[in-house]
Amino acid sequence: MVLFGILTLLAILALFLFLKLIFSWWISPILRNRMLHRYGFEGPPPNFPFGNVLEMKKKNGVDSSFGSSKLTHDIHSFVFPYFSRWQNSHGKVFIYWLGTEPFLYIADPEFLKKMSTEVIAKRWGKPNVFKNDREPMFGKGLVMAEGNEWVYHRHLIAPTFSPLNLKEMSSMMVESTKKMMDRWITRINSGGNLEIDIEREIFATSGEIIASTSMGIDDENARTICEKLRTLKMRLFKTRYVGVPFIEFIDIKRTIEAKKLGKEIDKLLLCIIETRKESKVERKGRVDLLDLLLDENENYGKRLSTKQLVDECKTFFFAGLDTSALAISWTLMLLAMNEDWQNQLRDEIKDVVGDKELDINVIAGLKKMKCVMNEVLRLYPSAPNLQRQAREDIKFGNLTIPNGTNMWIDVVAMHHDPLLWGENVNEFQPERFMGDINGGCNQKMGYLPFGFGGRMCLGRNLSFMEHKIVLTLLLSRFRFKMSPTYIHSPSIMLSLRPAYGLPLIVQSI
Ligand code: HEM
C-alpha cells in the first residue's frame, strides 16, 4: 500500500515535471511567437526543437574565408550569412528562433531608439538562455546583472573607472607593451623582416595589462588566467546549440569542461582577493581596480560578498580583454592596409607626444588616433551584437513587445548599412569621425560599439587609453605591412575575431 502511494506520488511528480517542460519549451514560446506575429513581426519558420539553429549552422555556399586577395570590409553577409538572407525576405526587424526561444532580431536603429526610450536601464533584462550558458564566464557579474542588483553593482563599480583613477594605470600599460616590443626587437635583430601573429601577441599583452590594471596580478598568473579564459571561450562557443532543450546534457563533455574551467578561474581570483584583503599593505604604491573596488566596498552601505567580488573581477577580464585586444589587432591590420594613415598617426604622435611621458593628459591630444579607433570599431566591432530580454510589456506606437521577449541587436549590420552611412560605408575612412562622434551616421543609434543607454560599457575610457598607449609605442618603433599569409576571415566567437590569426610583417623604423 505504502509502495503504491510512493509510486503514485512519483508518477504525479513526473507528470507535473513533464507538463512544466512542455509548457516552458513548447507552449509558452508558441504563445509569445503568436503575440509577436499578431503585431506584424514575421520570420523564418522554426522547427521544434532546434528552431532555426540548424539553418544558422549551414554554410550555405559561404566560403570559410574571403581569401587574401579579396580583402573587403563588407563583412556582414560573411559573418552573419543567415541574418543577411533573412533581412532580404523579412526586413530589419523579424523573429527567429534559437532552439525553443524566440528572438526579435533588430538591425533598425530607429526601431531600437523608439523601443529603448520606453525602458529604463534597470528594467532591461539579459536573456535567461544566455545567462545559464555563460555562467562560467561572467557568473553574476555586472554584464549579466539586472534590476536593483545591477543598479547597486554599477554605482559601486563605476567610480573605479573615473579618469582620475585611470591616470594611475598608464605606467602599467607602457611597461607591458615595452616588454612585447623588446621581444619583437630581439627577433627582428636576429633575422631582418618579421612576420608576427599580431592577434596572439596583442592578446597576451592586453592580458598582462588587464591583469595588472584590474588586480595587480603578476605575469605568470596573468598568462594562466588568460589561457584558461581562451580555452573556456572555445569550449563555450565552438559548437553551439543554445536554446535547444537538454543540450547541456547531450553535450555533457563541453558542459563539464566549461564548468571546471570556470571554477579554476574562480579559485585563482578568490585566492588573489583574499590575499589582498588580508594584507592591507600598499603594493609598490600602485593602485588597481581591485584596490579601488575594495575601498568603494568599504565605504558603501551594503557590501559585495567575496563571491560577488570574484564575479566582478572575472567580468573585467572577460568584458575587457578580448574586446580591447581585438580593437588593437584590427587597427594594426587596417593601418597595414593603409600606410598613409600609419604615417599620419606617426606625425600626430611626434607633434602631440614628442618626448613627453605617456599619460592620460598627453594622449588626450591624439585626436586622429581616436578617429581611427572609432572607425575600426565601426568596421570590426569587437562586440558584434547586443542582447536584451524584455522584463515587462514594452509599448510604443501601435506595437507591444511582450514581457519575456529576447532581443538580438545586430551591431555589425547597422555599422555596415549604406542607408545609414552612405555609399562609402565599407571603406576605411577615419576622417568621418573628425568633429562628429557619430561618424556621420544619419541615425543616433546606428553606431553602438560600446552598447547603449545606461548599460553602456564601463571600461570604454580604459580601453581608449590602452589603445592609444599601445599604438603610440608600436607606431613610434615599427612599420606594419600586410602579410601574404593572412587569410581574411572575420568570425564570431562571442567577439569578432580573425579566424586564422592576424600575421603582419613588422619592420623596425
Ligand atoms: C574596445 C574595447 C571594448 C568594447 C568594444 C566594449 C564593448 C562593450 C559592450 C558592447 C558592452 C555591452 C553594453 C550593452 O549591453 O549595452 C560592454 C559592457 C561592459 N563592458 Fe565593455 N567594452 C570594451 C572594453 C571594456 C573594458 C576594458 C572593460 C573593463 C575592464 C569593460 C567592462 C565592461 C563592463 C563591466 C560592462 C557591463 C556594463 C553594464 O552592463 O552595466 N569593457 N562593453
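Helix packing, ligand shell and core

Author: Helix α11 passes helix α16 in a right-handed crossing. This is a predicted model, in which local features need pLDDT of at least 70 and side-chain atom pairs count only at pLDDT 80 or more, while totals for chains, interfaces and linings use all residues. Residues are numbered from 1 along each chain as its sequence is written.

Reader: What makes α11 and α16 a crossing pair, and at what angle do they cross?

Author: The axes of α11 (residues 198-215) and α16 (residues 306-337) come within 8 Å and cross at roughly 145°, where axes are lines fitted to C-alpha atoms, for helices over the stretch in contact, and angles run from 0 to 180 degrees between N-to-C directions. By class, their contact has twelve nonpolar, six polar and one charged residues.

Reader: How do you know which residues surround the ligand, and how many are there?

Author: A residue is near a molecule if its C-beta atom, placed from the backbone, lies within 6 Å of it, and 25 residues surround the ligand, the closest being Gly-320, Thr-323, Gly-451, Cys-457 and Gly-459. The largest share of this shell, seven residues, comes from α16.

Reader: Which residues touch the most other members of the largest nonpolar core?

Author: Of its 128 residues, these are Leu-104, Tyr-105, Cys-313, Val-376 and Leu-504; such a core is a set of buried Ala, Val, Leu, Ile, Met, Phe, Trp, Tyr and Cys residues joined through C-beta atoms within 7 Å, buried meaning that 20 or more other C-beta atoms lie within 10 Å of a residue's own. The largest share of this core, 18 residues, comes from α16.

Methods: Helix = DSSP H or I, 4+ residues; strand = E, 2+ residues; numbered from the N terminus. Left-handed = near helix turned anticlockwise from the far one by under 90°. Nonpolar A, V, L, I, M, F, W, Y, C, P; charged D, E, K, R; others polar. Buried ≥ 20, exposed ≤ 12 C-beta atoms within 10 Å, placed from the backbone.
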